[in-house]
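Reader: I would like to learn how to read a few features of a structure. Please show me the structure and take the features one at a time.

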Amino acid sequence: MVNGDWHFLYSTIEWSGCNQEYPAVHAIPVVSCYGQSDGGYGDGVGTPHGTGLSATIDHSKFIYNTQDGLDLGHIDTGGPYTLSITNSIAYSNSGGTFKIGGNFGTAVITNNVAIGDCDRMAYPINGAPSTYNANLADFCRASDAFPFDFRQNSNFTIANNTIVTYAPTIFDISCWDAPGVQGANGNGCGGATLNFHDNIVVGYDNPATYPWAVSRADPEPGTSRKQPRAVASPARS
């Protein structure tokens with residue numbers, strides 16, 4: 001899709017990457033879930049390379065997905081496009097909350113709640129079968145909660161949001177037009193503007209996620225993400 005226009009209003013995407021229980025006997029009939037390292041795919045919304053679209057998202061939820069909640073990070077064809085995310089919420093996804101790529105000339109992200117509790121699906125959830133997470137291993141796979149990219153002369157407004165997370169990085173910001181970036185023009189991000197105001201941002205520590213920081217590294221031959229390698233970790237204060 002190129003030059004598309006996507007409107008996602010008053011909608012919910014949940015449990016992407018999971019198989020439905022049949023017959024349904026639990027309140028949350030999700031019998032098994034899989035992430036990328038387990039042969040599955042679990043973005044609530046994903047955008048493969050070659051995608052080009054503008055997006056309007058309002059009063060929507062992205063919850064309990066085995067990868068990112070909303071991944072608009074690979075809109076790399078055509079553009080620049082426009083983006084609006086308002087009055088929406090993302091939580092309990094194993095990756096990031098709202099992931100914004102660089103091919104938006106204008107982005108308005110206001111009045112949202114982003115909770116980066118990326119290891120929530122490592123634990124039981126009331127109403128779901130006890131087996132739902134037996135195959136999951138990609139907890140906290142993104143290492144960030146709210147990443148976004150600029151491009152030349154882009155204009156972003158991020159205002160009146162509440163963002164809470166224990167991810168190592170809250171805002172992961174980069175330049176989509178930097179030299180060497182796939183699809184970039186190589187001219188840098190001169191003229192880009194970020195209007196960031198009236199947001200509540202809370203970061204806190206969660207020692208339970210320390211093993212995931214090791215397992216996110218690419219496994220060496222003969223090792224598995226479920227069996228983290230022994231590597232030196234920086235001291236934590």
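Reader: Is aspartate 177 buried or exposed?

Author: This is a predicted model, in which local features need pLDDT of at least 70, side-chain atom pairs count only at pLDDT 80 or more, and totals for chains, interfaces and linings use all residues. Residues are numbered from 1 along each chain as its sequence is written, and side-chain values use heavy atoms, with hydrogens and water left out. Buried means under 20% relative accessible area, exposed over 50%, and partly exposed in between (1.4 Å probe, protein chains only). Aspartate 177 has 0% relative accessibility and counts as buried.

Reader: Which residue forms a salt bridge with aspartate 177?

Author: A salt bridge is a side-chain nitrogen of Lys or Arg within 4 Å of a carboxyl oxygen of Asp or Glu. Here the partner is arginine 151, and the closest N and O atoms are 3.5 Å apart. Strands (E, at least two residues) and helices (H or I, at least four) are DSSP runs, numbered from the N terminus. Arginine 151 sits in the loop between strands E13 (148-150) and E14 (155-159), and aspartate 177 in the loop between strands E16 (173-175) and E17 (193-197), 26 residues apart. Arginine 151 is also buried, at 13% relative accessibility.

Reader: How many salt bridges does the rule give?

Author: The count is three. In one of them, lysine 99 meets aspartate 68 at 3.8 Å, N to O. Lysine 99 belongs to strand E10 (residues 98-100), whereas aspartate 68 is in the loop between strand E6 (61-63) and strand E7 (70-72), 31 residues apart. Lysine 99 also forms a salt bridge with aspartate 71, with 3.7 Å between the closest N and O atoms. Aspartate 71 lies in strand E7 and lysine 99 in strand E10, so this pair ties together parts 28 residues apart in sequence.

Reader: Which residues do salt bridges that share partners join into one network?

Author: The network consists of Asp68, Asp71 and Lys99. Lysine 99 is partly exposed, at 24% relative accessible area. Aspartate 68 is buried at 2%, and aspartate 71 is buried at 3%.

Reader: What is the order of the strands in the open sheet?

Author: Two strands pair if DSSP finds at least two bridges between them. The six strands run E2-E6-E9-E12-E15-E18, with parallel pairing. Strand E2 (12-14) and strand E18 (200-203) each have a single partner strand, so one side of each is left without a neighbour in the sheet.

Reader: How many bridges join strand E15 to E18?

Author: Four bridges join E15 (residues 162-165) to E18. Threonine 165 has glycine 203 in E18 as its bridge partner.
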